[in-house]
Amino acid sequence: MSNEDLWNKIADDFIFAYDNLPQSQEQVGRADKNAAAAYLAKLRLYQAYEQNDTHQVININAARLQEVIDYADDVTGSLETDFGNNFLDGHDNGSESIWAVQFSINDGTNTGRVSFVTGLNSPHGTPLYGCCGFHMASQNMVNAFRTDANGLPLLDTFNNSDIFNTISNGDAVLASGVTIDPRIDHTVGVPGRPFKYKNTLKASGDMVYKFSWARDPGVYGYFGNMKEQQSPDCSCYVKNGPFIGTSKNVDFIRYADVLLFKAEALIQLNRYTEALPIINLIRARAAASTAMPLAAGASDVYNVQPYVSFPSKEYAMKALMFERRLEFGMEGPRFFDLVRWGIAEQVLNAYLTEEKTKKDFLSNAKFTAGRDEYYPIPQREIDFTGGLYKQNPGY
């Protein structure tokens with residue numbers, strides 16, 4: 001079966017759902033036509049980037065891109081007024097949530113049907129949380145939130161210097177003159193800045209993120225993740241020994257994703273002027289997401305503005321790629337975006353070249369094009385099928 005056949009096999013299930021499910025369901029969390037349309041937009045976008053056996057993009061299928069636009073236009077939803085609402089209890093299944101894993105607490109079970117997976121990524125060096133401090137933000141990603149005097153990302157030069165370049169009394173110090181996108185304070189735990197929009201907890205004390213909260217700052221750095229965490233005083237929060245669980249849903253597709261699916265398809269179809277207002281809509285929401293308690297004096301360093309124009313398709317695509325990184329930082333799609341675009345080797349090895357000068361554990365890291373885009377198929381699965389499964393290239 002060809003790669004195209006496999007994509008279409010998956011699409012058949014979503015098309016059946018799209019054709020037969022109601023636009024929305026009375027019971028939240030159940031599959032509906034809206035979710036099917038969003039997944040079809042995503043699937044056709046990935047399928048549009050036709051790749052050879054070594055995962056190089058050899059063609060971008062215009063007909064598939066038009067399907068992305070058509071399905072995206074069928075999705076109903078709206079952006080949350082504040083970016084942070086997407087990652088706070090009390091906003092599950094809101095206007096931006098298109099498809100999400102549903103969790104619950106106080107449901108008659110011992111600890112609730114909560115997510116313990118994201119709990120493993122909670123801050124490590126504080127009794128407020130417990131274990132285990134995984135999934136930390138990289139210096140490169142933190143630097144990506146820097147903006148220029150016009151409130152735009154530094155698409156090519158963002159990583160020339162670190163925006164938090166010193167630690168003073170355990171707090172990260174923002175470099176002089178640096179302005180940033182407020183989404184950083186919804187995404188990353190930074191020493192000295194409020195964690196999960198709190199300076200303190202009534203019963204538990206200080207909630208400002210600390211250098212010591214990082215798992216091993218001398219090895220892995222001192223930045224944490226914030227999106228997938230909840231405050232310990234949240235009714236959604238449960239602690240079972242050292243392990244943290246929460247009943248906050250995990251969104252697989254947000255409406256912001258659907259908008260950027262459409263914008264990407266428009267750009268690749270050379271209709272990049274139509275993508276401009278879509279990307280600016282995402283940026284306008286980011287600029288307005290400063291009402292929650294963030295860092296002291298943070299408003300003085302926030303500067304996010306819309307793009308005035310896209311002078312070329314190439315510039316528009318670069319802006320789209322960067323916007324996806326800022327919007328979905330720490331949510332998981334980054335690697336898959338890079339593979340889809342066929343630039344994983346280029347981007348990741350450039351990242352490693354700089355990052356390994358700061359992190360010794362990366363000293364031998366290298367991305368091998370044509371192999372590392374996908375994991376190997378386990379040999380036992382190949383044996384089980386009598387050789388029907390064929391090993392991925394390079395393994």
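Is Cys 131 buried or exposed? I looked, and Cys 131 is buried, at a relative accessible area of 12%. For the notebook: buried is under 20% relative accessible area, exposed is over 50%, and partly exposed lies in between, with a 1.4 Å probe and protein chains only.

**Ground rules.** I'm working on a predicted model, where local features need pLDDT of at least 70, side-chain atom pairs count only at pLDDT 80 or more, and totals for chains, interfaces and linings use all residues. Residues are numbered from 1 along each chain as its sequence is written, and side-chain values use heavy atoms, with hydrogens and water left out.

**Disulfides.** I searched the whole structure and got two disulfides, taking a disulfide as a pair of cysteine sulfur atoms within 2.5 Å. Cys 131 and Cys 132 make one of them, with sulfur atoms 1.4 Å apart. The torsion about their S-S bond is about 60°, so I noted this disulfide as right-handed. I also checked the backbone here: the peptide bond from Cys 131 to Cys 132 is cis, with omega near 15°. Cys 132 is buried too, with a relative accessible area of 8%. I found Cys 132 in the loop between strand S3 (97–101) and helix H4 (139–143); helices (H or I, at least four residues) and strands (E, at least two) are DSSP runs, numbered from the N terminus.

Then I went to Cys 234 and Cys 236, which are joined by a disulfide at 2.3 Å, S to S. Its torsion about the S-S bond is about 130°, so it is right-handed. Cys 234 and Cys 236 are both buried. With the bonded cysteines numbered in sequence order, I wrote the pairing down as 1-2, 3-4.

**H2 against H7.** How do the axes of H2 and H7 cross, and at roughly what angle? I read roughly 35° for helix H2 (residues 33–48) and helix H7 (residues 255–268), whose axes come within 10 Å. Axes are lines fitted to C-alpha atoms, for helices over the stretch in contact, and angles run from 0 to 180 degrees between N-to-C directions. The crossing is left-handed, meaning that the near helix is turned anticlockwise from the far one by less than a right angle (right-handed if clockwise). On the H2 side I listed Ala 38, Ala 41, Lys 42 and Leu 45, which meet Val 258, Phe 261 and Glu 264 in H7; contact means heavy atoms within 4.5 Å.

H7 is largely enclosed by the rest of the structure, because 13 of its 14 residues are buried. Just after H7, I spotted Asn 270 with a positive phi of about 70°.

**H1.** I picked out Ala 11, Ala 17 and Tyr 18 as buried in H1. The buried residues of H1 pack against H2 and helix H3 (62–73).

**Asn 225.** I placed Asn 225 in strand S11 (residues 224–225), and it is buried at 3% relative accessible area. Leaving aside neighbours within four places in sequence, I found Asn 225 in contact with several residues, including Asn 121, Phe 134, His 135 and Met 330.

Lys 196 is not a glycine, yet I read a positive phi of about 55°. Tyr 197, also not a glycine, has a positive phi of about 65°. Lys 196 sits in the loop between strand S8 (188–189) and strand S9 (200–201), and Tyr 197 is in the loop between S8 and S9. I logged Lys 196 as buried at 2% relative accessibility and Tyr 197 as buried at 8% relative accessible area.
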